[in-house]
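Start with the sequence and the model below.

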Amino acid sequence: MKVFKLIFKNALRHKLRTALTILAISIAVMAFGLLRTVVTAWYAGVEASAANRLISRQAVSFIFPLPYSYRDQIAKLPGVEQVTYMNWFQGVYIDKNQFFARMAVDAETIFDVYPEFVLDADQLQTFKRERNSCVVGADLAKQYKFKIGDIIQIEGDIYPGVWQFVVRGIYRPRDKTTDATQMFFHWQYLDERVRQESPERAGNVGWYIIRIADPAQSGAISNQIDGLFKNSRAETKTETERAFQQGFIAAAGAIITAMNFMSFVIIGIIMLVVGNTMIMSARERTREFAVFKTLGFSAGHLVGLILGESMLISALGAGLGLFFTFPFVAGFAAAVPKGFFPIFNVEPSTIILAVSSALVVGFVASIFPIQRALTTRIVDGLRHIG
Amino acid sequence: MEPIIRVQDVSKSYWRDSFEIPVLNNISFEVPSGEFLALMGPSGSGKTTLLNLIAGIDRPDRGTINVAGTDIVALNESRLASWRATHVGFIFQFYNLIPVLTAYENVELPLLLTSLSKRERREHVETALTVVGLKDRMRHYPKQLSGGQEQRVAIARAITTDPTLLVADEPTGDLDKHSADEILTLLERLNLEFKKTIVMVTHDPRAAEKAHIIRHLDKGELQQN
Ligand SMILES: Nc1ncnc2c1ncn2[C@@H]1O[C@H](COP(=O)(O)OP(=O)(O)OP(=O)(O)O)[C@@H](O)[C@H]1O
Ligand SMILES: [Mg+2]
């Protein structure tokens, strides 16, 4: 009979209590996993953004457009390698629950500026040639079973009317942080029709994306761009893509901060649950611990027994919780509108954080009972009525 | 015979809040090796306290205690713990078996602190359980045993390491007459056959009869016989 067997037998002493504690830990680990996954998914946009890209948008708000004519002026600045632009098209595909980014882009330059969207050369050629063509991300294609040659019909809202696009390319994500759920089509195609139907809205782009040679110059170049259009009808605000994404995130930041906070509150809760169980079981065994000491068992043995039991319970809870985190997160991903979080994975860091938190909890929860078991004198322990 | 226990000028008080409760007052006595001594006295007279001091689970405020050639007052906690493990077998009024362990595992418990192999441990456990007549119950848990049987398992646990000294605090205090007789007979046998020195605290005059020496403790003083 070894110490581990005794730990095991102790843990099984109150089967229901132990089971409930393990269950509580596993639920907390699951909730922690989900919250962290949402938070990391939210920040994934920032992580994925490149340091050598600047975004230039209307200074008041990015919902206001910028003149197409800015493009050449920006392109002339030293340090600027490539300029491209986009419009947020939106529209409704099938119904309002089908959520994915639909962008009017400059077919000539978009894939130069975004190397993380990997498109075969021949598909790129066809896309550039055909004005009513579009390119979709691999994940999007998989989800809607889009094939080359399919026609995607979208009911416009920002740009009214019925729009049809022919799929001429499917881009692949360069790595896991790349969003492969977007749809790109020709800005020229959009602008021509706008010019006919509402000429006052023509010749506008949503924002410019500028690839620069040296990320260290991002501040200086941003200032130069904004300087160019100072006191004009549409002033610009230029910042790195990362700052742009962060600004976007800041808008929903309060909720994310709350979720972040909650994920750590959960750890606090498990700590109390396990702590409570351990204190109860150690108190019940006050007299047993005194017997162990009487028989000559050392402080180290008692620490092993109590810490071991606490760790065993926490580890089982963490294991069980982790086991169910994946289906739980997958279920959540299925429940939110598709594409709401383009990248939604349980990150290794989330797993590490959940497991190490559970182990820290196991450790912390045993401190008080251990302290009590060690400082109770044998004669007092033997007199203890459990 | 050479005394195995030598208690000299031992005093002990307990503190409750800021009140000092004197329990033992300048106690001196000796127990020859191989003796069976009964310690009697009214409740609260300090019998358990004295027994605990001799067995090394408590410390006197003053005085010296020498057991089997060791000045146990001078030992630090961890040395005292290993001294107890090798020299003293404990028998309590309420048996104090570990409820999640079988009779076998309870008896094996003190042997885990030795360097004995698993096979050697099994031999020791089986011998001890045979002595107390419970070898057929070794897979049973304490709650599946009667009080008398539990106490016999506790005695097996106390003798399994073959200690020099057995201390028993009211070993029959919680038992019916029949079981009490069994336990007393067993202790008598351990004393005569296995030459164990036994110090037993008891209220029961019939229990005390089995002992060779009876000492009375009253208000922290040992009465002269
Ligand atoms: N651990 C302790 N803490 C405080 N006071 C104690 C402690 N142990 C014993 N006492 C006190 O010391 C006195 C003697 O106690 P002790 O247990 O030695 O008596 P006893 O002779 O064994 O009595 P009983 O026959 O009832 O078992 C009592 O007044 C008791 O309340
Ligand atoms: Mg007593």
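The second largest cavity is lined by Thr294(A), Leu295(A), Arg84(B), Ala85(B), Val88(B), Gly89(B), Phe90(B), Pro110(B), Arg157(B), Ala158(B) and Thr161(B). Three elements of chain B each give two or more residues to that lining: helix 2 (77-87), strand 6 (88-91) and helix 5 (147-159). Strand 6 of chain B has the largest share, three residues. By class, this lining holds six nonpolar, three polar and two charged residues.

The model is predicted; local features need pLDDT of at least 70, side-chain atom pairs count only at pLDDT 80 or more, and totals for chains, interfaces and linings use all residues. Residues are numbered from 1 along each chain as its sequence is written, chains are lettered from A and ligands numbered from 1 in the order in which they are written, and side-chain values use heavy atoms, with hydrogens and water left out.

Some terms come next. On a 1 Å grid over the protein atoms alone, a cavity is a set of points where a 1.4 Å probe fits but cannot get out, while a pocket is an open set with protein on both sides within 12 Å along at least five of seven lines; lining residues have an atom within 4 Å of a point. Points are joined across faces, edges and corners, and a volume is the space filled by probe spheres set on them. Helices (H or I, at least four residues) and strands (E, at least two) are DSSP runs, numbered from the N terminus. Ala, Val, Leu, Ile, Met, Phe, Trp, Tyr, Cys and Pro count as nonpolar, Asp, Glu, Lys and Arg as charged, and the others, Gly among them, as polar.

**Cavities and a pocket**

The count of cavities of 30 Å³ or more is five.

| Space | Volume | Lining classes |
|---|---|---|
| Largest cavity | About 70 Å³ | five nonpolar, two polar, two charged |
| Second largest cavity | About 60 Å³ | six nonpolar, three polar, two charged |
| Second largest pocket | About 900 Å³ | 13 nonpolar, ten polar, eight charged |

Residues lining the largest cavity include Ala282(A), Phe289(A), Lys293(A) and Arg372(A). Helix 11 (286-294) and helix 13 (348-375) of chain A each give two or more residues to this lining. Helix 11 of chain A provides the largest share, four residues.

The second largest pocket has 31 lining residues, and Arg383(A), Thr48(B), Thr49(B), Asn52(B) and Asp169(B) lie nearest its centre. Helix 1 of chain B gives the largest share of that lining, five residues.

A nonpolar core is a set of buried Ala, Val, Leu, Ile, Met, Phe, Trp, Tyr and Cys residues joined through side-chain atoms within 4.5 Å. Which members touch the most others in the largest core? Ile5(B) and Phe29(B) do, out of 82 residues. Helix 2 (residues 15-48) of chain A gives the most to this core, ten residues.

**Backbone angles**

Most residues other than glycine have a negative phi. Asn26(B) has a positive phi of about 50° and sits in strand 2 of chain B. Tyr95(B) also has a positive phi, near 65°. Tyr95(B) lies in the loop between strand 6 and helix 3 (103-108) of chain B. Is Tyr95(B) buried or exposed? Tyr95(B) counts as buried because its relative accessibility is 7%, and buried means under 20% relative accessible area, exposed over 50%, partly exposed in between (1.4 Å probe, protein chains only).
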